[in-house]
Amino acid sequence: MTRNNRILVGAGVGVLAAFLIAAYFVSPIIALHGLTTAAKAGDRAKLERSIDFPAVRESLKSQLKAVMTRSIADDPKLRDNPFAALGQMLLVGVIDKAVDAYATPDAIAEMVATNKAPERISTDAPPPPVEQPKPKAKSTTEAHYAYQGLNHFHAAYRDKADQPGDELGLVLERRGLFTWKLVKIELPPNLGR
């Protein structure tokens with residue numbers, strides 16, 4: 001092999017390696033864009049491939065239980081009331097059923113498409129249909145992206161008109177070399193306050 005051929009092969013290997021490394025680190029953004037596009041288009045099949053529903057439901061349950069516990073601990077009337085603890089135990093079952101009923105492909109699609117957490121969750125009514133967002137002249141949503149280790153990617157969305165702490169977070173987990181799935185929806189930190 002001549003010197004020029006070795007240089008060409010080395011350059012080709014270098015370019016290929018750079019491309020694979022770039023694709024590796026850009027793949028969660030592409031997956032997030034695909035998830036958002038599928039949510040806005042109402043593509044149920046793609047959403048089901050892009051979301052780990054049991055993991056999302058469990059994360060929502062734990063967050064809502066933490067909000068409930070915090071609100072009871074913050075209320076001086078409820079903190080020392082023994083019946084509040086009984087009510088809290090009963091509400092745990094209600095939260096589980098509400099999340100199981102509400103965390104459907106349509107409801108999660110709405111959260112992803114609108115970048116907003118639901119105002120309230122009720123088991124009385126079916127989840128709202130996915131609304132097509134109105135086109136805006138200029139986006140009012142701020143997005144922040146960050147890796148949380150090599151296998152988790154976090155995206156936080158906040159409408160510029162909202163107060164700080166009203167961010168909706170999405171956590172994607174790597175499943176394979178370039179494949180990502182939504183495994184957690186982080187509700188706004190001020191939820192319940």
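Let's start with strand 3 and strand 4, which pair in the antiparallel sense over six bridges; two strands pair if DSSP finds at least two bridges between them. Strands here are DSSP E runs of at least two residues, helices are H or I runs of at least four, and both are numbered from the N terminus. Across this pairing, Glu173 stands opposite Lys181 in strand 4. The hairpin has five residues between the strands, and among them you'll find Gly176 with a positive phi near 105 degrees.

A quick word on the source: this is a predicted model, where local features need pLDDT of at least 70, side-chain atom pairs count only at pLDDT 80 or more, and totals for chains, interfaces and linings use all residues. Residues are numbered from 1 along each chain as its sequence is written, and side-chain values use heavy atoms, with hydrogens and water left out.

Now, helix 6. How many of its residues are buried? Eight of 10, so the helix is mostly covered, with buried meaning under 20% relative accessible area, exposed over 50%, and partly exposed in between (1.4 Å probe, protein chains only). The cover over those residues includes helix 1, helix 2 (44-50), helix 3, helix 5, strand 3 and strand 4.

Let's look at helix 1 against helix 6. Their axes come within 8 Å and cross at roughly 115 degrees; the axes are lines fitted to C-alpha atoms over the stretch in contact, with angles running from 0 to 180 degrees between N-to-C directions. From helix 1, Leu35, Thr36, Ala39 and Lys40 meet Ala109, Val112 and Ala113 of helix 6, contact meaning heavy atoms within 4.5 Å.

On to the largest nonpolar core, which has 31 residues. Such a core is a set of buried Ala, Val, Leu, Ile, Met, Phe, Trp, Tyr and Cys residues joined through side-chain atoms within 4.5 Å. Which members touch the most others? Leu32, Leu35, Ile51, Ile108, Leu182 and Ile185. Helix 3 (53-74) is among the elements giving two or more residues, and six residues, the largest share, come from helix 3.

Leu32 touches Tyr145, Phe153, Ala155, Tyr157, Leu170 and Leu172, not counting residues up to four places away in sequence. Finally, have a look at Ile29 in helix 1. Is Ile29 buried or partly exposed? It counts as partly exposed, because its relative accessibility is 37%. Beyond its neighbours within four places in sequence, Ile29 is in contact with Tyr145 and Phe153.
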